[in-house]
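Me: I have a model open and would like to go through it with you. Could you take my questions one at a time?

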Amino acid sequence: MKEILTKNLNPSQSEAVLCTEGPLIIFAGAGTGKTRVITHRIAYLLSLGVKPWSILAVTFTNKAAAEMKKRVASLIPHSGADVWISTFHSFCAYFLRVEASKINLNPDFLIYDFADQKNVVKDCMKELNIDDKKFKISTITDKISRAKDDLKFPSDVAAEAERAGNFLGAATAKIYELYQKKLERAGVMDFGDLIMRAVSSLRKYPELLKHYREKYKYIMVDEYQDTNHAQYMLIKLMAGGHSNICVVGDDDQSVYSWRGADINNILDFEKDYPNAKSVKLEQNYRSTPKILSAATQVVKHNNARISKRLWTQNPDSESVSVLKALNENDEAEKIADLIYPNTYNNKYKLSDFAVFYRINAQSRAIEDAFRRFRIPYAIRGTLRFYDRAEIKDIMAYLKLIHNPNDNISFKRVINIPKRGIGKTSVETLEKFALLKNMSIRQAMPFAQEAGLNKGPIKALNSFAQLIKNFSGLKENNSVKSLAEKVIKDSGYLEELETENTPESKVKIENIQELISAIDDFERSSSNDKSLAGYLTQISLISDIDSLDESNGRVTLMTLHLAKGLEFDNVFICGLEEGLFPIGESAFNHKELEEERRLMYVGMTRARKRLHLCWSAERKIFGKTIWNMPSRFIAEAGFKDEFNETEYNQKQSLRSFNRKKAEIIRGDGGAPSDYEITKDEPLYASDRDSSPYKIGTLVLHPVFGNGKIVEKSGIGNDLKLVVLFENGQWKKLLARIAKLTLI
DNA sequence: TAGCCCGGCGTTTTT
DNA sequence: CGCCGGGCTA
């Protein structure tokens, strides 16, 4: 076995594979064969006689989990398939369901997605009389999700808000509390709950923790840089006994902090597990040296990173270039010009090209140009199959059949197709239900008492009968035939057929696709074929459109979605200050570094050619803007694109406008803590006269030489984050730490 | 109740 | 520039 491994792997790869005991961190640079290492490591463990069911490997996406499973199974045909490889969320969902009785939980819970969450928050705000113009629903949803990522209960959020005198936080806490009650009452969990509940259960029940520590003797985590605090804690708890924990990741590819990911989990791993071994994978097998060097140069501008030296043996060629355009249409046409197959004498297929952009709105100009040039393209990630309205409608019917008390699903389908039950009727009934502490479904028989009109009452009764009939069918019918009955008996299909528009035809096709997906699900032997089993699986697998759609097409997508993929030819477009780095991120150290990592991710997707595109003028959201080329172009080594003097002029203008905007915005209302933290670096750097600036080199009596990489607060409260030569990080209070400037 | 119009708003979104 | 949600009217 060892021989096979070493034959397949380079020295650092095999070093990582052979290190099986104790904590191990693998820094896997872009294109360095990360998946190969993980799968070989699992195979090696199995070859040592480790039982497959005592290995746990967690990833973030179903795609990654499936890929890993496949590769492990092909490396070790007999037992490879028995290794538990799954996403964090499906692992936790499984855990919670299996242990439900021990942790006082109803195992029949369903999972709410983002749209459901927003609906619940909306209901909560209405109920609490909180104006949704004052606090945006998405802001609150986000705050609640972040709180769960951080393992914070409503009381924690409330206490924090109180301490900081923060209105938004206080509102969030109140809403969060009610939100949680509603979720519990409906017997559902959101994504954050899955992880948080698993962690709190392991904490609360020591014997359970002990059991899992013994069960999974070897734990591996992929994309560790993307873990949030709750996920970090979950792993830390489970690995607590044996410490056979292996994490793989790349701090330079951490681009999801806005979703709760904490880059410090990877940066601090060696602090967390003091006897940890660290292996760096630095040989890149993907890109040309020029691409690799350009990408490295960019990311080198970041301070918050572990230093590494990527190299490659790949042959070089003229592989990175800058494309300057007059406006967004010109940019798109120039890209189209370069892609047009004749340009490359059919050297490449269309699927060898990808266009990345920072925001989805940029795709329009590119799509228009591609249509004019007749270049087939596929956009990835805009609207997922399970996010389509017609699919969500049918799913809501199924969810309601599973759980009649699911108010969100109830409200979704009560008047779809139209049956004469309008907004006011539903609202009145809901208020009544709330008053009587019932679900809306339970309140239906009391429609008259609630004060509804005759018409709606009649419609309501027949709707109640409809759902009752469906519920009666759920025991003796497959999910597929249940779904078929739903679309027929509800009149949903009929309404679409009568509509008979191109749109309605597509919807019908999608519904047919859903039915066949359900059929596939039921034919696959390993699944729990109950309605609940199906609904859970769907909530956790909202897989993006089938892969073959990108065959024979150029791929268009956001930079975030590009992570993990690779293409021969890559265009990164919209490389302009204000768009990429986006918005005000250039004024915030942390945000700028994340933008830079995103740039790094985009660049390292390219195998053969990389085009960096920027446009002097751009119309976005109906407004024309004139931007400077992105600093990232200069950082990649194309200095002539970037005029420093001009940039500085614009920057001071920007910060001036920004402050002006704040003054205008200042309505004396509640200060939002979001804005305060965002503003901090700008104010701090503008106002304070302290000698501590970001980038300043300092000497600490204990830790030695270091560099200031972050600062917050002013005066006595000035806090500095210093990265020391030994790679350690310290957060220091400037007035206490005895720092000398060097 | 349903359909229309107007105004506000717009970064990224693995589960 | 387009989308979505809220409010108004038939």
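Me: How many residues surround DNA strand B, and which are the closest?

Reply: DNA strand B is surrounded by 28 residues, and the closest are Arg 259, Arg 358, Arg 384, Ser 425 and Thr 558. A residue is near a strand if one of its heavy atoms lies within 4 Å of it. Of the atoms of DNA strand B within 4 Å of the protein, 56% belong to sugar and phosphate.

Me: What should I know about the numbering and the model itself?

Reply: This is a predicted model, in which local features need pLDDT of at least 70 and side-chain atom pairs count only at pLDDT 80 or more, while totals for chains, interfaces and linings use all residues. Residues are numbered from 1 along each chain as its sequence is written, chains are lettered from A and ligands numbered from 1 in the order in which they are written, and side-chain values use heavy atoms, with hydrogens and water left out.

Me: Which part of DNA strand B does Arg 358 reach?

Reply: A base oxygen of DNA strand B lies 2.3 Å from a polar side-chain atom of Arg 358. Such a polar contact is a pair of N or O atoms within 3.5 Å. For phosphate oxygens, the side chain of Asn 415 has an N or O atom at 3.0 Å, and a polar backbone atom of Gly 420 is at 3.5 Å.

Me: Changing topic: which residues of strand 19 are on its covered face?

Reply: In strand 19 (residues 697–700), Val 698 and His 700 form the covered face, whereas Leu 697 and Leu 699 form the uncovered one. In a regular strand, side chains alternate between the two faces of the sheet. Strand 19 runs antiparallel to strand 23 (residues 740–741), with 2 bridges joining them; Val 698 has Leu 741 as its bridge partner.

Me: How much of chain A is buried?

Reply: Of its 742 residues, 53% are buried, meaning under 20% relative accessible area with a 1.4 Å probe, protein chains only.

Key. A polar contact is a pair of N or O atoms within 3.5 Å; within protein, one must be able to donate a hydrogen and the other to accept it, and residues adjacent in sequence count only if both atoms are side-chain atoms. Buried means under 20% relative accessible area, exposed over 50%, partly exposed in between (1.4 Å probe, protein chains only). Helices (H or I, at least four residues) and strands (E, at least two) are DSSP runs, numbered from the N terminus. Two strands pair if DSSP finds at least two bridges between them.
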